[in-house]
Amino acid sequence: MLPKWHVLLGFVFSYIIYWFSSITIFQASLIFLAAVFIDIDHYLWYGFKKKDWNLKNSYVYLKKHRDIVKPLMIFHTIEVWILLLIVGL
């Protein structure tokens, strides 16, 4: 998913959760930030592989090679999700 969709959908989701539950604005902000930064592993993969930490270069490279590059992204594995669930509880 492109970053703009992470921002848009993260905002919509955290806004809905904020208004229809009893969470605070701080908690809703954390949900939004989690939605935006969930794909930070893509940037980290690019940085370590290419030794280039430029965010724009990372975005351009990964967008251009979206169908070719299929690395294992750590935040997309079930083990990390289970660990986050345990820590969150």
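This is a predicted model: local features need pLDDT of at least 70, side-chain atom pairs count only at pLDDT 80 or more; totals for chains, interfaces and linings use all residues.
Residues are numbered from 1 along each chain as its sequence is written, and side-chain values use heavy atoms, with hydrogens and water left out.

**Exercise 1. Find where Lys 51 sits and describe its backbone and its exposure.**

Solution. Start with the helices, which are DSSP runs of H or I with at least four residues, numbered from the N terminus. Lys 51 falls in the loop between α3 (40–50) and α4 (55–64). Next, look at the backbone: Lys 51 is not a glycine, yet its phi is positive, at about 55°. For context, most residues other than glycine have a negative phi. Finally, take the accessibility, where buried means under 20% relative accessible area, exposed over 50% and partly exposed in between (1.4 Å probe, protein chains only). Lys 51 has 66% relative accessibility, so it counts as exposed.

**Exercise 2. List the residues of the largest nonpolar core, then examine the ring pair Tyr 46 and Tyr 61.**

Solution. A nonpolar core is a set of buried Ala, Val, Leu, Ile, Met, Phe, Trp, Tyr and Cys residues joined through side-chain atoms within 4.5 Å. The largest one holds five residues, namely Trp 45, Tyr 46, Tyr 61, Leu 62 and Met 73. Helices α3 and α4 are the elements that give two or more residues to this core.

Now turn to the rings. Rings of Phe, Tyr and Trp (its six-membered ring) pair if their centres lie within 6.5 Å; planes under 30 degrees apart count as stacked, over 60 as edge-to-face and the rest as tilted. That rule gives seven aromatic pairs. One of them is Tyr 18 with Trp 19, which is edge-to-face because the centres are 5.2 Å apart and the planes stand at 75°. For Tyr 46 and Tyr 61, the centres are 5.3 Å apart and the planes at 45°, so this pair is tilted. Tyr 46 belongs to helix α3 and Tyr 61 to helix α4, so the pair ties together parts that are 15 residues apart in sequence. Both Tyr 46 and Tyr 61 are buried.

**Exercise 3. Which residues form one aromatic cluster with Tyr 18 and Trp 19, and how exposed are these two?**

Solution. The cluster consists of Phe 11, Tyr 15, Tyr 18 and Trp 19. With a relative accessible area of 26%, Tyr 18 is partly exposed. Trp 19, at 52%, is exposed.
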